[in-house]
Amino acid sequence: MSFDLVVKGGKIVLAEKTFVADIAIKGEKVVSVKKDIRADGAHMLDARGLLVFPGAIDAHVHLQLPFCGTVSCDDFENGTKAAACGGVTTVIDFAIAIQDKGGSLIETVEARKKEADGKVCVDYALHGGITKWNENVRRDMSDLVKDGVTSFKMFMIYRSQGWMADDGILFQGLEETAKHGGLILVHAESAIVLDLLIERYHTQEMMNKYGAYLHAMARPCYTEYEAVRRAATWAKETGGRLFIVHMSASESAEIVREAKRDGVKIWAETCPTYLLLTDDVYKSRETGHLYGICPQVKKKHDQLGLWEGLKKGYIDTIGTDTCTFDTKQKAMWQGDFTKIPFGIPGLETMVPTIFTAGVNKKKLSLNRFVEVVSTNPAKIFGLYPQKGTIKVGSDADICVFDPNKRVVIDFNNMQTRCDWSPFQGMKLKGYPAVTISRGKIVAKDGKFTGTVGHGRFVKRKPWGKI
């Protein structure tokens, strides 16, 4: 067999094992994984001394998202270029259906695909977003699962916007997943208590005194973990399938651990921001508002608990919740913590920051690192073994990673359009050297080298699990 590309001599790291071998690629697929593959005229990529693992999957991104009267500044084109530069070969974005405006769930997914198709530079999929519940939504949900959109987000907050899924809506959504193998993603915060606390702190006197730190004060950990416990209860009673997005509190991780032990079909994600930062970032009068995300960054004990959950397996994946607002957009807050556009950049830095803080500092094994950034997202969201592994027949989505390369994070040197980074100045040891998407080299040494429109929509399978 003739090959198009041979990756030679790298240390291949999979979730289940590590070994040295060559990888032969023909077209878009891996066709051989063994030692001493003859290139026979194929392009050869020397990976000796480097790590080779399946391209990362960020299952939680918001590209060109309309929010707070603006649109996140990394669109589908530039956001997926940034993904490639960071070793990410698949992203899953959201099609949020604002059903009170007359759009069906299916129509919203199709409209979002039109925004992305022809622009994305790595592969993508979509989660459906449910903001109302009726028989049409129930039917659309079932039809979308059959057509490869197998996960749906519900919000336990945003009452005033009309997006909130109350307990009855969440219960019914979970019932549906038990029938067709879909997955309900929940933003778990306790809306009524949260709104009460926000109103309590939302005074000019308090804002003058505490500034952006009020964002943290108004969202204590119990506003998250109470909602996580409630959602887990409904998943248990319905037999439904539940995924907790952007989990930020250590108590939430314990609730998920207990639910898993009791046989609940529940999985959970955390984000680099919660693993690498604490709520001290909000105390800066100059930059605190930049870190406004929802849920917000918590305290040191939460950070430690989340790392423990990742290590021991009751937190399953890392996603970034990337939603990039630059300093001009963030300045819209004008001193009012309730008006901060929620979101920060993170897609481009996920792999090297978690490698540095996780693997290098012995918080994660190398295999567990690959599991949480690639293999588990692929399995849970119905992409495995097409993605999330390096095996014969899998898509040739590969990150060739230099574990010794030293980089200092500086937004000026990155692909993102954002003019700040939450990790600015962080010293990294380990960085993506080459990113391969479906057999094509799309980035080298942090620079995009691929083709706009190379990426495509990927249909997913129901009943994903790990």
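These legends go with a set of close-up views of the structure above.

The model is predicted, so local features are reported only at a pLDDT of at least 70 and side-chain atom pairs only at pLDDT 80 or more, while totals for chains, interfaces and linings use all residues. Residues are numbered from 1 along each chain as its sequence is written, and side-chain values use heavy atoms, with hydrogens and water left out.

**View 1. Helix H1 and its cover.** Helix H1 spans residues 76-85; helices (H or I, at least four residues) and strands (E, at least two) are DSSP runs, numbered from the N terminus. Most of this helix is covered, with 9 of its 10 residues buried, where buried means under 20% relative accessible area, exposed over 50% and partly exposed in between (1.4 Å probe, protein chains only). The buried set includes Phe-76, Gly-79, Lys-81 and Cys-85. At the start of H1, look for Asp-75: one of its side-chain oxygens comes to within 3.2 Å of the backbone nitrogen of Glu-77. After the helix comes Gly-87, with a positive phi near 85°.

View 2. Asn-78 sits in helix H1 and counts as buried because its relative accessibility is 6%. Setting aside residues up to four places away in sequence, Asn-78 touches Gln-415, Thr-416 and Arg-417; contact here means heavy atoms within 4.5 Å.

**View 3. Asp-93 and Arg-112, side chain to side chain.** Asp-93 belongs to strand E9 (residues 88-97) and is buried, at 1% relative accessibility. Its side chain makes a polar contact of 2.8 Å with the side chain of Arg-112. A polar contact is a pair of N or O atoms within 3.5 Å; within protein, one must be able to donate a hydrogen and the other to accept it, and residues adjacent in sequence count only if both atoms are side-chain atoms. Beyond four places in sequence, the contacts of Asp-93 include Val-61, His-62, Leu-63, Ala-125, Leu-126 and His-127.

View 4. His-454 lies in the segment after strand E19 (447-448) and is buried, with a relative accessible area of 16%. The side chains of His-454 and Ser-437 make a polar contact at 2.9 Å. Apart from neighbours within four places in sequence, His-454 also contacts Val-120, Cys-121, Asp-123, Arg-438, Lys-440 and Val-442.

View 5. Most residues other than glycine have a negative phi, and most peptide bonds are trans. Gln-64, not a glycine, has a positive phi of about 35°; this residue is in the loop between strand E6 (56-58) and strand E7 (66-67). A cis peptide bond links Cys-294 to Pro-295, with omega about 0°, and Pro-295 is in the loop between helix H10 (272-276) and helix H11 (300-312). Another cis peptide bond joins Tyr-384 and Pro-385, again with omega about 0°. Pro-385 is in the loop between helix H14 (366-380) and strand E16 (398-408).

**View 6. Helices H8 and H9 packed together.** The axes of H8 (residues 222-238) and H9 (residues 250-261) come within 8 Å and cross at roughly 15°; axes are lines fitted to C-alpha atoms, for helices over the stretch in contact, and angles run from 0 to 180 degrees between N-to-C directions. That angle makes H8 roughly parallel to H9. Angles under 35 degrees count as roughly parallel, over 145 as roughly antiparallel, 65 to 115 as roughly perpendicular and the rest as oblique. Among the residues making the contact are Tyr-225 and Val-228 of H8 and Ile-255 and Val-256 of H9.

**View 7. Helices H2 and H3 at an angle.** H2 (residues 105-116) and H3 (residues 135-146) pack at an angle of about 50°, with their axes 8 Å apart, and are therefore oblique to each other. From H2, Leu-105, Ile-106 and Val-109 meet Val-137, Asp-140, Met-141, Asp-143 and Leu-144 of H3.
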